[in-house]
Amino acid sequence: MAQALYEKHKVLTYPRTDSKALPEDYLGTVVKTLEAFVQGAQDKPDVAQYAKPHAPFAKTILAKGWVKPNKRVFDNSKVSDHFAIIPTLQTPKNLSELEQKLYDLVVRRFLAVFFPAAEFLVTTRTTQVKEHLFRTEGKVLTEPGWLASYGKSSADDNDALVPIQPSESVPVLHVEKVDLHTRPPARYSEATLLSAMESAGKLVDDDELREAMAEKGLGTPATRAAIIEGLLAEKYLLRDGRELIPTAKAFQLLTRLRGL
């Protein structure tokens, strides 16, 4: 889907990347991209429908001057072959419903990184029942910050605790002991396996191998999906709904590898 938005519609930059930063000389391009959303909201209906939801936030970023040199966003050392996925200057037209949702997802993240931090008022309450202490937290959003680009406001996010008086005591009505059991980890889906491949070095027990794979993982953003497809094609894995299940052929291969 992201590849189609890149190749067919030209509204996103190259999607097969694990970079989360932009080049340091990209400030001017970012400003032009924000201006395109503001202008697009005033354009024809087929264009405005994609720009209008984001135009107010783009306008705020421009008015506040929030696009400035910042190593958290603009850092050449964190850019590999391709930089982070962001919207292009090309105005979207005739996107399918799924394409529009994915496009909006990228745009909202693109806008959010230029907003200030969200601020919360956090209240922690400790309740004592005999020798046992129980902690309860309440959180109220006071300044939406970057969450505003996702439609959050201080009026929407309010998880305040019920007020009590200092040293107020209440009766304990019911206590129940519940025996729980741990569950084995869920099978991998294609999405979770891609994430596991990206951070595969963290799962290696051998110190030397873990250091060699640090921040590299298995494959590259451009090849990981193809690796999974290859395992499926060779019958090492089977799809069962969203789950990927290893076959007997996969277990035989691992047995032979361990014997080498």
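Glu 24 is partly exposed, its relative accessibility being 35%. In this predicted model, the residue takes part in a salt bridge with Lys 71, and 2.8 Å separates the closest N and O atoms. The pair connects distant parts of the chain, 47 residues apart. Glu 24 lies in the loop between α1 (2-7) and α2 (27-40), whereas Lys 71 belongs to the loop between α4 (55-64) and α5 (97-112).

Lys 71 also meets the side chain of Asp 75 in a salt bridge, at 3.9 Å from N to O. Asp 75 has a relative accessible area of 7% and is therefore buried, the cut-off for that class being under 20%. Glu 24, Lys 71 and Asp 75 are accordingly linked in a network of salt bridges.

A further salt bridge joins Arg 239 to Glu 229, with the closest N and O atoms 2.8 Å apart. This pair, too, links distant parts of the chain: Arg 239 is in strand β4 (residues 237-240) and Glu 229 is in helix α8 (residues 224-233), ten residues apart. Arg 239 is partly exposed, with a relative accessible area of 46%. Glu 229 is likewise partly exposed, at 37%.

The structure holds five salt bridges, among them the pairs tabulated below.

| Salt bridge | N to O distance |
|---|---|
| Glu 24 with Lys 71 | 2.8 Å |
| Asp 75 with Lys 71 | 3.9 Å |
| Arg 239 with Glu 229 | 2.8 Å |

Technical notes:
Residues numbered from 1 in each chain as written. Predicted model: local features only at pLDDT ≥ 70, side-chain atom pairs only at ≥ 80, totals over all residues. Heavy atoms only, no water. Salt bridge = Lys/Arg side-chain N within 4 Å of Asp/Glu carboxyl O. Helix = DSSP H or I, 4+ residues; strand = E, 2+ residues; numbered from the N terminus. Buried < 20%, exposed > 50% of the residue type's maximum accessible area, 1.4 Å probe, protein only.
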